[in-house]
Amino acid sequence: MSRKLALAAAFAALATSAGAQATDGPGPNLVIEVAGQANGTVVIDLLPDVAPKHVAQITALATEGAYDNVVFHRVIDGFMAQTGDVSNGRAGGDLSMAGMGGSSKPDIPAEFSDDLSFQRGVVGMARAQDPNSANSQFFIMFAPGEFLDGQYTIVGNVVSGMEVVDAIKRGAGQNGEVTDAPDVMTKVTVQP
């Protein structure tokens with residue numbers, strides 16, 4: 001990562017942790033229409049210079065329409081909102097296995113960054129125990145979570161719509177499962 005990009009990312013993370021939204025970078029941008037308890041648009045500036053394989057997978061899935069009508073299945077107040085289970089997390093279907101699946105695409109090897117930190121508005125890839133098991137699921141941070149640094153791949157920052165993220169219906173219990181009418185990504189597109 002170039003020094004200029006690293007400084008830009010650091011300033012974006014600092015601004016995000018202070019409650020402001022990150023600055024929109026070169027993109028591409030993931031545009032998510034959210035419906036349910038939260039209603040509105042969330043725009044995520046993806047970071048292909050930081051996590052090229054992860055961003056390629058996310059943009060391919062979004063372009064195919066795979067993320068459309070996928071629920072936020074795990075939402076923990078003060079921590080994060082997780083979505084993206086394209087195989088088990090479709091609204092209107094059986095959500096009992098939501099969070100256990102991915103997509104038909106192969107898992108992605110970890111692309112950890114020492115230059116970035118999990119702050120409010122940062123988007124990371126969910127995975128199983130194996131660091132190289134990320135596939136389609138991702139999460140958006142409500143608050144700083146530096147304990148995730150070096151453990152999960154950072155793929156982007158929310159640049160617009162953090163108030164929509166803040167309104168996403170919270171789950172119950174320690175694991176944050178949303179079992180009753182979870183919020184949904186009705187449409188997910190990619191813009192340059």
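Trainee: What makes up the protein chain here, in helices and strands?

Mentor: The protein chain has 3 helices and 8 strands, and keep in mind that this is a predicted model. Along the sequence the pattern reads α-β-β-α-β-β-β-β-β-α-β.

Trainee: How do the 8 strands come together?

Mentor: They form a closed barrel in the order β1-β2-β7-β5-β6-β4-β3-β8, with antiparallel pairing. On average, neighbouring strands are turned by 35° against each other, ignoring direction.

Trainee: Why are β5 and β6 called a pair?

Mentor: Two strands pair if there are at least two bridges between them. Strand β5 (residues 122-125) and strand β6 (residues 138-141) have 3 bridges, in the antiparallel sense, so they count as a pair.

Trainee: Which residues line the largest pocket nearest its centre?

Mentor: Those are Q82, G99, A126, R127 and Q137, out of 27 lining residues. The space in the largest pocket is about 560 Å³, and the elements giving two or more residues to its lining are β3 (70-76) and β4 (80-83).

Trainee: What classes of residue are in that lining?

Mentor: The lining has 11 nonpolar, 12 polar and 4 charged residues.

Trainee: How much of the protein chain is buried?

Mentor: Of its 192 residues, 50% are buried, which means under 20% relative accessible area.

Definitions and conventions
Residues are numbered from 1 along each chain as its sequence is written. This is a predicted model: local features need pLDDT of at least 70, side-chain atom pairs count only at pLDDT 80 or more; totals for chains, interfaces and linings use all residues. Side-chain values use heavy atoms; hydrogens and water are left out. On a 1 Å grid over the protein atoms alone, a cavity is a set of points where a 1.4 Å probe fits but cannot get out, and a pocket is an open set with protein on both sides within 12 Å along at least five of seven lines; lining residues have an atom within 4 Å of a point. Grid points are joined across faces, edges and corners, and a volume is the space filled by probe spheres set on the points. Helices (H or I, at least four residues) and strands (E, at least two) are DSSP runs, numbered from the N terminus. Ala, Val, Leu, Ile, Met, Phe, Trp, Tyr, Cys and Pro count as nonpolar, Asp, Glu, Lys and Arg as charged, and the others, Gly among them, as polar. Axes are lines fitted to C-alpha atoms, for helices over the stretch in contact, and angles run from 0 to 180 degrees between N-to-C directions. Buried means under 20% relative accessible area, exposed over 50%, partly exposed in between (1.4 Å probe, protein chains only).
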